[in-house]
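Here's a walk through one protein model, written for someone who likes cut-offs spelled out. Have the viewer open as you read.

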Amino acid sequence: MVAKSVHSVGSLSSKNLLATRAILDGKRSGIRAALAFVGPAIIVSIAYMDPGNFATNIQAGAKYGYGLLWVVLLANLMAMLFQALSAKLGIVTGKNLGELCREQFSKPIVWGMWGISEIAAMATDLAEFLGGAIGLSLLFGMPLLAGMLITAIITYAILTLGNSGFRSIELIVASFVGLIGICYIIEMFVVPVDWRAAAIRSLLPQIHDSEALMLAVGIIGATIMPHAIYLHSSLTQDRTPPRNDDERRKLLRFSNREVIIALTFAGLVNMAMVIMASGAFHAGHSDVTEIETAYHTLTPLFGVAAATVFLISLLASGTSSSVVGTMAGQVIMQGFVKFKIPVWVRRLVTIIPAFVVVATGVNATQALVISQVVLSIALPLPMIALLILTQRADIMGSFTNSRLICVVAWISTAAILFLNVILILDSFGVSIPGLE
């Protein structure tokens with residue numbers, strides 16, 4: 001059942017390996033000891049706070065107030081489930097999702113999944129690079145193309161640190177995650193918030209019209225990310241290889257706790273984005289649909305400081321999510337087709353669409369939202385593959401999904417498929433009952 005993968009996203013230092021081994025052997029315990037296992041969920045959590053989230057959440061909050069908060073909450077809960085399953089797949093099998101798809105599915109399916117996954121990777125890069133570029137452009141007054149180039153250079157510089165051990169990248173990404181969180185804590189003290197209405201709308205499902213539907217699908221695409229599902233299984237597979245099922249269970253406990261904590265934080269940040277946009281724009285500026293407009297509107301309403309904090313969070317999001325996107329792209333390519341290319345080549349190939357979008361003058365924020373819809377449409381493939389693989393006893397042994405997990409996960413996948421179908425029908429002008 002257990003196999004050692006020949007592919008690895010990164011490696012831990014010998015010091016960290018000794019620490020994690022001591023914990024699994026029962027020689028160390030406690031919260032401080034558990035920190036040795038922290039990293040994978042924090043890395044993937046940045047995918048849930050990328051510039052695509054900024055674009056969809058700002059539009060959702062400005063136009064519909066707190067009305068789509070329930071979508072953010074629901075998407076985050078589904079994300080926790082699938083990230084936990086992805087991590088489990090890597091821990092139990094020692095292989096990542098792409099590798100197992102290549103081994104277990106037919107060649108046409110594998111090639112199709114790889115092609116769609118690469119399209120999703122390009123949509124991800126479009127969102128991440130545009131976000132970083134918009135932040136730099138507004139903060140320093142530079143052209144958007146120059147901002148994208150600088151974002152690419154910073155991303156490559158951070159990725160080269162992985163050569164000296166994976167922990168350095170984890171610490172950098174964790175710092176960006178913390179910075180984004182601090183920025184939105186500050187924003188919550190600046191904009192007016194109706195906490196009672198926000199709480200009610202977080203639990204009351206409602207889709208007002210076809211535009212709300214598109215935003216809902218975009219929020220799901222921005223929250224549950226295909227590349228994050230592929231990446232998580234790789235981040236856990238080779239960190240501290242378990243020697244038996246008892247050690248696998250220990251690793252799974254650490255992993256599940258980290259997923260819950262990291263994605264709860266990411267979910268709160270996402271909800272804060274919608275709440276901020278609602279408090280700042282919904283009452284008198286519901287037409288705010290672009291990140292640039294949001295920045296320029298925040299300045300006279302709440303001051304330069306509030307607008308600057310907003311841009312800093314966007315810049316941190318774009319830079320860190322670009323790093324994670326590149327890592328995921330490498331995992332997808334190596335897993336599906338056993339092909340590895342230099343990081344700078346990978347970056348160049350996947351960012352070309354982003355440069356084309358900017359060069360042709362397409363609305364940047366609208367491109368971000370559309371990229372998230374593309375991700376949502378691509379999302380069911382890795383979700384279905386993950387569920388199929390984690391349900392098979394010949395692959396997972398005694399770690400197959402429970403009946404409850406299977407039911408909840410398949411319902412979540414079906415819900416996303418349903419929303420995508422409705423969106424496609426609406427795009428072709430098919431009348432959908434209940435949508436005005």
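A salt bridge here is a side-chain nitrogen of Lys or Arg within 4 Å of a carboxyl oxygen of Asp or Glu. This is a predicted model, where local features need pLDDT of at least 70, side-chain atom pairs count only at pLDDT 80 or more, and totals for chains, interfaces and linings use all residues. Residues are numbered from 1 along each chain as its sequence is written, and side-chain values use heavy atoms, with hydrogens and water left out.

The structure has five salt bridges, among them these:

| Salt bridge | N to O distance |
|---|---|
| Arg 243 and Glu 247 | 2.9 Å |
| Asp 245 and Arg 248 | 2.8 Å |
| Arg 392 and Asp 394 | 2.7 Å |

How covered are the partners? Call a residue buried under 20% relative accessible area, exposed over 50%, and partly exposed in between (1.4 Å probe, protein chains only). Glu 247 is buried at 5%, while Arg 243 is exposed at 54%. Asp 245 is partly exposed at 28%, and Arg 248 is buried at 5%. That pair sits three residues apart in helix H13 (residues 245-282), about one turn of the helix. Arg 392 is partly exposed at 24%, and Asp 394 is exposed at 53%.

Zooming out, the protein has 20 helices and zero strands; these are DSSP runs numbered from the N terminus (helices H or I, at least four residues; strands E, at least two). Of its 436 residues, 58% are buried.

Twelve of the twelve residues of H12 are buried, so the rest of the structure largely encloses H12. His 232 is itself buried, at 1% relative accessible area. Beyond neighbours within four places in sequence, His 232 is in contact with Pro 40, Ala 41, Val 44, Gln 83, Ser 86, Ala 87 and Val 259, contact meaning heavy atoms within 4.5 Å.

Helix H6 (residues 97-104) crosses H12 at roughly 100°, their axes coming within 7 Å. Axes are lines fitted to C-alpha atoms, for helices over the stretch in contact, with angles from 0 to 180 degrees between N-to-C directions. On the H6 side, Leu 97, Gly 98 and Glu 99 make the contact; on the H12 side, Ile 229, Tyr 230, Ser 233 and Gln 237 do.
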